[in-house]
Amino acid sequence: MRLRGVRLPINRRWWTITRVTSTNLKITIDGSAGSAAPYEQLRAQIADRARSGKLPAGFKLPTVRGLAEELGLAANTVAKAYRALEADAVIETRGRNGTFIAAAGDAVSREAAAAAQAYADRVRRLGLTQAEALSAATDALRARYAAQ
């Protein structure tokens with residue numbers, strides 16, 4: 001369903017529709033001013049659905065070109081979202097076979113443990129105490145999750 005920039009008469013006035021919705025994934029891209037970048041909206045919605053189980057592990061995602069056409073976005077925008085999701089271990093690309101939702105447990109746990117270890121090493125080199133490092137991490141997490 002493509003509605004980007006379509007002008008529709010509603011109650012004797014013309015309105016411009018700025019939301020685009022994917023028919024099979026139920027992805028909605030809001031093109032209004034002040035909304036997040038389209039690739040970020042796409043990335044966040046796929047990641048949220050994968051983590052909640054609405055998109056199960058092994059679910060085959062549309063091709064970059066197919067999803068871009070369906071949403072009325074540039075192929076590079078969808079490709080950027082897919083690259084970010086792959087870097088976060090949410091999806092995996094299997095060459096010509098396509099792009100799939102990855103099994104969440106192991107890859108995400110390993111990446112989180114590696115990030116935590118890198119943080120621990122860095123704050124130790126900076127000379128922070130364990131309490132100071134924990135406080136800094138807690139503040140950063142609180143700020144990040146409050147922004148969503």
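**Salt bridges and burial**

Colleague: What makes arginine 94 count as partly exposed?

Modeller: Arginine 94 has 37% relative accessibility. Buried means under 20% relative accessible area, exposed over 50%, partly exposed in between (1.4 Å probe, protein chains only). So 37% makes arginine 94 partly exposed. This is a predicted model: local features need pLDDT of at least 70, side-chain atom pairs 80 or more, while totals for chains, interfaces and linings use all residues. Residues are numbered from 1 along each chain as its sequence is written, and side-chain values use heavy atoms, without hydrogens or water.

Colleague: Why is the contact of arginine 94 with glutamate 92 called a salt bridge?

Modeller: Their closest N and O atoms are 2.7 Å apart. The rule asks for a side-chain nitrogen of Lys or Arg within 4 Å of a carboxyl oxygen of Asp or Glu. So the pair qualifies. By this rule there are three salt bridges.

Colleague: What makes arginine 142 and aspartate 139 another such pair?

Modeller: Their closest N and O atoms are 3.6 Å apart. Both residues lie in helix 5, three residues apart, about one turn. Helices here are DSSP runs (H or I, at least four residues), numbered from the N terminus. Arginine 142 is exposed at 55%; aspartate 139 is partly exposed at 44%.

Colleague: And glutamate 40 with arginine 43: buried or exposed?

Modeller: Glutamate 40 is partly exposed, at 27%. Arginine 43, at 15%, is buried. They form a salt bridge at 2.7 Å, within helix 1.

Colleague: How do you know that the buried residues of helix 2 line one face?

Modeller: They are Leu67, Ala68, Glu70 and Leu71. Seen down the axis of helix 2, they fall within an arc of 165 degrees, so they line one face. The arc uses directions from the helix axis to the C-beta atoms. Arg65 and Glu69 are exposed on the other side.

Methods:
Helix = DSSP H or I, 4+ residues; strand = E, 2+ residues; numbered from the N terminus.
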